Amino acid sequence: MKTLLNPICNFIIPILLFTTLLSCTNNKEEIDEPDEEIPIGEKMLLLVTTTDTNLTIKLPLTGTVNCTIDWGDDTSETVTDSYLTHTYIKTGSFLVMISGTVTALHSGDLNESERTGLTGVSNWGNTGLTTMYQAFKGCTQLSYLSTMNESGFPESITSFYETFTDCSSLTKIPSGLFDNCAQVTAFTNTFAGCSGLTVIPVGLFDHCTEVTSFNSTFMGCSALTEIPTGLFNNCLYVKDFIATF
């Protein structure tokens, strides 16, 4: 049997193949590479809890803000403004993931209802935090602090003034929370009014060797049953223990 070759097909088919290959090559050049995912350990992770539908939550993000917020309800946005708000349609607990730049947390200017939505911190991340001045002051429902991978606060933080003041639902401080905070000089009112706090971990301030004041650090922590031995042994420059407990 002989195979008949069509001269027209012999001409057209190579052209079609060449055109298809060229098209594929051009399309490949136009494809945008996906953004590199930021590791979870680099993100600030906050736990937000809503008890009513259509509840608006305000985050205490301030200072220099240029970050992406995943609100934990299948919505996200990139923001540059302080004190961001978000409305949750449903009730429940939501893990808010923050990546980018946030240099300060401050709840001092939030009203009571806005503060009660903040219930936990799963990771401090790497957002450039430099101050925790009144970061969670008055957040009465804040009950959970974590140090993911035992990392604790980043070393860039210099102020813990009234950071957790009146967080009455906080019962435990994670060990290693201040391990990176060698340059902090004062813990004034840091846990004052944490009436539910029952335990202070051994060695909490072991790496905070520049501290000069523990003024009112644990004042009003009425549920504490004991103080760990040697809690301040490495803090050789302290001049102020006024109302520490």
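This short talk goes through the strand pairing and one loop glycine of a predicted model.

A word on conventions: residues are numbered from 1 along each chain as its sequence is written. Local features need pLDDT of at least 70, side-chain atom pairs count only at pLDDT 80 or more, and totals for chains, interfaces and linings use all residues, while side-chain values use heavy atoms, with hydrogens and water left out.

Let me begin with the sheet, where strands are DSSP E runs of at least two residues and helices are H or I runs of at least four, both numbered from the N terminus, and where two strands pair if DSSP finds at least two bridges between them. There is an open sheet of 6 strands in the order 4-3-6-1-7-8, with mixed pairing; its edges are strand 4 (76–79) and strand 8 (144–145), each of which pairs on one side only. Strand 3 (residues 61–70) runs antiparallel to strand 4 and is joined to it by 4 bridges, with cysteine 67 standing opposite valine 79 of strand 4.

Strand 2 (residues 55–58) is antiparallel to strand 5, through 4 bridges, and leucine 55 lies opposite tyrosine 88.

Finally, glycine 108 sits in the loop between strand 6 (92–105) and helix 2 (112–116), and counts as partly exposed because its relative accessibility is 23%. Its C-alpha is 5.9 Å from that of lysine 137, 29 residues apart in sequence.

Notes. Buried means under 20% relative accessible area, exposed over 50%, partly exposed in between (1.4 Å probe, protein chains only).
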